[in-house]
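Student: Could you walk me through this structure, one question at a time?
Tutor: Gladly, let's look at it together.

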Amino acid sequence: MSVRDAEELEALLGDPADDANPYGFAAAVGRDERDEFPAEFCAELARAGFHLNYLPKEWGGTFEAFDRSLTLVRSAARRDVNIMPGTMFSIIAATCLQLHGSVEQQQLAAEVLRGGSAVGFALTESAHGSDLLANEVALSADGVLDGEKWMVGLGLRCEAVYVVARTGARGPGAFSAVLLDLRDVPAGQLERLPAAATNGMRGIDLARLRFTGLRVPDGARVGREGEGLEAAVKAQQAVRLMSMAGSLGIADSAVRIALDFAAVRKVGRAVLASSPWPRRELSVAAAALLAADVSALTAARGVHVVPEAFSVWAPAAKHVVAESCEELVRRAGAVLATRSVLREGEGGAGLFQKLQRDTAVVRVIDASTLANLKSYAGQVPTLTEGGAAAADPEALSAVFALDAGLPAYEPERLDMFARGADPVLAALPDAAAEVSAALAADPSAAPVAALVEELAAAVAGLGGLTRAARGPGADPNALVDAAERYAWLHAAGCAVHLWRANRDRPLYGTEPGSAGWLGAVLGYLLARADGTDPRRRGAVLEPALDAALALRESGLLFTALPVRLASNRREES
């Protein structure tokens with residue numbers, strides 16, 4: 001069996017609000033309290049073929065496109081984000097092997113993954129964290145592996161592992177990769193130990209792998225000597241896409257809990273949803289949710305069309321999604337007040353506590369916020385100081401028109417550097433002019449048109465900002481700060497392109513051509529780019545809340561295109 005889409009998965013897994021549902025919220029909270037791995041949930045997903053949705057068809061998988069996989073994963077993750085480690089942690093090793101593995105190595109990985117087991121990815125080390133060039137685990141010239149890797153996903157149960165080890169003295173070329181079939185490792189050469197427990201995503205399998213004189217078999221070396229780190233960095237671009245699904249799953253549940261509570265809780269004679277202060281907090285949360293959806297959805301489509309740009313696009317999208325979801329959980333918690341800190345009780349109290357903890361882990365699980373920004377900060381000047389490549393209108397249409405077919409994903413086109421290619425911002429001046437003109441025909445859309453013009457001016461100013469960041473006496477943090485501003489403006493550019501390409505489609509449950517959701521997303525993203533509180537954007541954010549309320553009332557996932565949820569299906573049956 002293989003689920004075809006998120007609605008089919010929803011129907012299979014049932015209503016998560018049903019306390020008796022083993023794939024629902026109550027079961028997730030119970031596992032969390034027990035620090036328990038979601039074994040039964042992952043097994044059910046495996047029976048449904050969920051674990052095949054990121055594997056290429058030539059490996060026996062069902063992968064079609066990242067936007068489809070993103071929606072499938074967020075649908076499952078809204079119930080319990082811990083299914084991500086249980087079903088998706090092998091994606092980075094699989095992508096590395098797609099990039100430079102032999103046919104035999106790819107076949108080994110495909111066999112392991114089709115069988116429902118895992119291929120671990122061993123890159124980081126406790127003493128060095130994101131400072132990968134300082135890693136010490138070494139593979140000697142005669143093929144002996146020694147040292148300890150840290151935070152290896154599914155490391156206690158994986159049947160194979162992709163290891164990046166030192167084979168040279170210094171620099172990125174000092175690291176090579178091996179693929180080890182752990183079913184054949186002699187006793188005493190590998191020790192698997194639990195990693196330190198995490199505060200969120202409790203019970204997931206993270207391990208330390210300690211290699212002691214492990215003799216690497218012939219044929220285990222992946223690719224050429226010295227390209228292990230390069231392949232890993234490229235593969236992380238795809239991983240960041242899928243980690244966003246975890247953030248969005250958490251965000252969906254957090255906002256839904258807050259909206260449910262605000263719809264019935266009264267202060268005086270008014271329900272919270274219509275009281276000024278809670279409504280403003282909920283408007284910020286809803287705008288952050290829509291902004292995260294825009295960023296993730298367009299990135300998941302863009303990697304099929306312009307993978308060469310994803311050394312910047314992927315971490316920029318990751319930043320926007322992770323930070324927006326962290327904020328919306330905080331805003332939702334402000335509305336829930338005391339109920340946001342309770343471990344048990346009605347109205348999702350225990351669940352919200354889990355969501356708060358989980359979002360903090362997802363935010364850093366594939367890279368810390370600073371490491372993520374630093375990963376592309378050095379490329380931002382090339383993209384903003386007049387070096388951006390001209391935009392391809394056909395490529396833009398393929399990315400942003402949601403009914404357009406996508407070309408096949410080609411991981412070999414991923415690159416270490418964007419080399420001046422940013423179709424989103426290169427095409428923004430023309431897109432902004434067209435959208436502003438279209439909005440000018442509707443007087444009620446004037447505030448949104450003003451935001452589009454504000455975005456165009458902010459993007460035009462990025463070049464001067466990055467030049468100043470590299471100038472004499474510049475603040476040492478200036479380039480990282482410019483990278484963060486770039487991320488928020490890039491996401492805002494995606495929103496403009498998305499509206500422009502889908503004016504005849506009803507996005508976010510609104511009427512075709514509605515500019516309210518666009519204004520809310522731009523208002524939120526421009527505030528974040530400026531480092532100001534989004535609440536200062538005031539009423540422009542409220543259409544995001546109206547959209548979220550309409551989607552909730554219709555039993556739909558909080559995303560651009562409608563996905564019916566299991567609870568709605570059950571009510572209709």
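**Helix contacts and buried residues**

Tutor: Let's start with a helix pair in this predicted model. Phe66, Asp67, Leu70 and Arg74 of H4 are in contact with Asp293, Ala296, Leu297, Ala300, Arg301, Val303 and His304 of H9.

Student: How many nonpolar, polar and charged residues does the contact of H4 with H9 have?
Tutor: On the H4 side we find Phe66, Asp67, Leu70 and Arg74. Counted by class, the contact of H4 with H9 comes out as six nonpolar, one polar and four charged residues.

Student: What is the orientation of H4 to H9?
Tutor: Helix H4 covers residues 66-77 and helix H9 residues 276-305, and their axes come within 8 Å. The axes cross at roughly 140°. Angles over 145 degrees would count as roughly antiparallel. That makes the arrangement of H4 to H9 oblique.

Student: And what is the orientation of H9 and H19 to each other?
Tutor: Here the axes come within 9 Å and cross at roughly 75°. Angles of 65 to 115 degrees fall in one class, so H9 and H19 are roughly perpendicular.

Student: How many charged residues are in the contact of H9 with H19?
Tutor: H9 brings Val294, Ser295 and Thr298, while H19 brings Ala491, Cys494, Ala495 and Leu498. These residues divide into five nonpolar and two polar, and the number of charged ones is none: there are no charged residues.

Student: Is Glu281 buried or exposed?
Tutor: Glu281 belongs to helix H9. Leaving out residues up to four places away in sequence, Glu281 touches Arg331, Ala334, Val335 and Arg535. With a relative accessible area of 3%, Glu281 is buried.

Student: Which residues does Leu525 contact beyond its neighbours within four places in sequence?
Tutor: Leu525 sits in helix H20 and counts as buried at 0% relative accessibility. Its contacts, with those neighbours set aside, are Ala291, Val320, Trp488, Ala491 and Ala492.

Student: What separates the C-alpha atoms of Leu525 and Ala292?
Tutor: Along the chain, Leu525 and Ala292 are 233 residues apart.

Student: What is the phi of Met201?
Tutor: Most residues other than glycine have a negative phi. Met201 lies in the loop between strand E6 (190-194) and strand E7 (206-215), and is buried at a relative accessible area of 2%. Met201 is not a glycine, yet its phi is positive, about 45°.

Student: Where is Tyr508 found?
Tutor: Tyr508 is not a glycine either, and has a positive phi of about 55°. At 0% relative accessibility Tyr508 counts as buried. Its place is the loop between helix H19 (478-501) and helix H20 (516-530).

Student: Turning to the whole chain, why is it described as being as compact as a globular protein of that length?
Tutor: The secondary structure comes to 22 helices and ten strands. For 573 residues the globule rule gives 25 Å, and the chain is close to that, so it is as compact as a globular protein of that length, with a radius of gyration of 23 Å.

Student: What percentage of the residues in the chain is buried?
Tutor: The accessible surface comes to about 21600 Å², with 51% belonging to carbon and sulfur atoms. The C-alpha trace spans about 75 × 60 × 45 Å along its principal axes. Of the 573 residues, the buried ones make up 59%.

Definitions and conventions
Residues numbered from 1 in each chain as written. Predicted model: local features only at pLDDT ≥ 70, side-chain atom pairs only at ≥ 80, totals over all residues. Heavy atoms only, no water. Axes fitted to C-alpha atoms, helices over the stretch in contact; angles between N-to-C directions. Helix = DSSP H or I, 4+ residues; strand = E, 2+ residues; numbered from the N terminus. Parallel < 35°, antiparallel > 145°, perpendicular 65-115°, else oblique. Contact = heavy atoms within 4.5 Å. Nonpolar A, V, L, I, M, F, W, Y, C, P; charged D, E, K, R; others polar. Rg over C-alpha atoms; globule rule 2.2 N^0.38 Å. Buried < 20%, exposed > 50% of the residue type's maximum accessible area, 1.4 Å probe, protein only. Areas by Shrake-Rupley, 256 points an atom, 1.4 Å probe, with all protein chains shown as cover.
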